[in-house]
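Hi,

Here is the structure I promised to pass along.

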Amino acid sequence: MRIVVTRRIPEPALDLLREAGDTWVSPHDRPLTIEELHEAVAGADAVVSLLHDRIDDAFLDAAGPQLRLVANVAVGYDNVDVDACARRGVIFTNTPGVLTDATADLAFALILMTTRRLGEGERLVRAGGTWTWSMFFHLGTGIQGKRLGIVGLGQIGQATARRARVFGMEVVYSGRRRADEAVEAETGARYVPLDELLTTSDVVSLHVPLNEETRHLIDAHALGRMRPTSFLVNTTRGPVVDENALVHALRDGVIAGAGLDVYEHEPSVHPGLLGLENVVLLPHLGSATLETRTAMAVLAARNAIAVLRGKNPLTPVTSRPVAAARSI
């Protein structure tokens, strides 16, 4: 069996793959170009891909009819044409669950960074600026007793809600449908329509998958429905937010601030965001812990090994995620 890994992943996962077959790992510590990617996967029985690899008909043509599986080392899969894989009989898997806590931790870190203006304070100190403690110096906003609006109460949304509850926040959520009563009771989250969530929340945190229905879900109209004292946090996928509209909203005081870990044209960042003090910008670190990235890679490897050995994959994906409802 020939296994292709499109970019280096943690060694425990590579060790598993090497035991299962002839494993080729890209020597480049960067995304492969389309041409390089297609050349690399030619003749592969299984491909372990990353979120920057485009998996479509052209990719599947380049791989050849013997390809049995694509294992994406990510929970989101907007880079994959799932229907194209299904038409070819190629099994596709992702890595849900193992990155839930790490991403929720980062979402809540962004909530604290934006509301308490921690990025601004750190930049002030590093720049060697003159400052002194006073009662009114660099005041932020407390979150105790405030409302967190979660758009998409999946696993990461639920984990974020649990953290918010510990910090004394009220939690509301919106989505395509209501969560189970047991989930609502355990997380303390209450279902509301998206428009109500936007107009009443002090912090809005995004946790929906990216698809055609959620692309630019947060646009100028949605931002205009938010409070001028509210904050937006995005740790899901960049194109869920219209960055151009967000720049104007931050500049014009439509909202108070934002915390972003993902970007519309990643890794490029809208130049208008770079000069703003009221936005925290992180380089897609949601799952970036040693433990989490290792667990993601190992799960992808186990999916590949299971399929190559004629067994069922652990975390197959059979269809695209259904969009969250637009009700604004």
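By class, how many nonpolar, polar and charged residues does the lining of the second largest pocket have? Keep in mind that this is a predicted model. The lining has 6 nonpolar, 3 polar and 3 charged residues. Arg 116, Arg 117, Leu 118, Gly 121, Glu 122, Leu 124, Val 125, Trp 131, Phe 137, His 138, Leu 139 and Gly 140 are the ones that line this pocket, and the space in there comes to about 220 Å³.

Helix α6 covers residues 118-126, and its buried residues are Gly 119, Glu 120 and Gly 121. They pack against α5 (100-115). After α6 comes Gly 128, with a positive phi near 75°.

Now for the sheet. It is an open one, built from 5 strands with parallel pairing, in the order β2-β1-β3-β4-β5. The edges belong to β2 (22-25) and β5 (91-93); each has a single partner strand, so one side of each has no neighbour in the sheet. On average, neighbouring strands are turned by 15° against each other, direction ignored.

Val 47 has Val 70 in β4 as its bridge partner. Helix α2 (residues 34-41) packs on the sheet and touches β1 (2-5), β2 and β3. The direction of α2 makes about 160° with that of β1.

Cheers

Technical notes:
Residues are numbered from 1 along each chain as its sequence is written. This is a predicted model: local features need pLDDT of at least 70, side-chain atom pairs count only at pLDDT 80 or more; totals for chains, interfaces and linings use all residues. Side-chain values use heavy atoms; hydrogens and water are left out. Two strands pair if DSSP finds at least two bridges between them. Helices (H or I, at least four residues) and strands (E, at least two) are DSSP runs, numbered from the N terminus. Axes are lines fitted to C-alpha atoms, for helices over the stretch in contact, and angles run from 0 to 180 degrees between N-to-C directions. Contact means heavy atoms within 4.5 Å. Buried means under 20% relative accessible area, exposed over 50%, partly exposed in between (1.4 Å probe, protein chains only). On a 1 Å grid over the protein atoms alone, a cavity is a set of points where a 1.4 Å probe fits but cannot get out, and a pocket is an open set with protein on both sides within 12 Å along at least five of seven lines; lining residues have an atom within 4 Å of a point. Grid points are joined across faces, edges and corners, and a volume is the space filled by probe spheres set on the points. Ala, Val, Leu, Ile, Met, Phe, Trp, Tyr, Cys and Pro count as nonpolar, Asp, Glu, Lys and Arg as charged, and the others, Gly among them, as polar.
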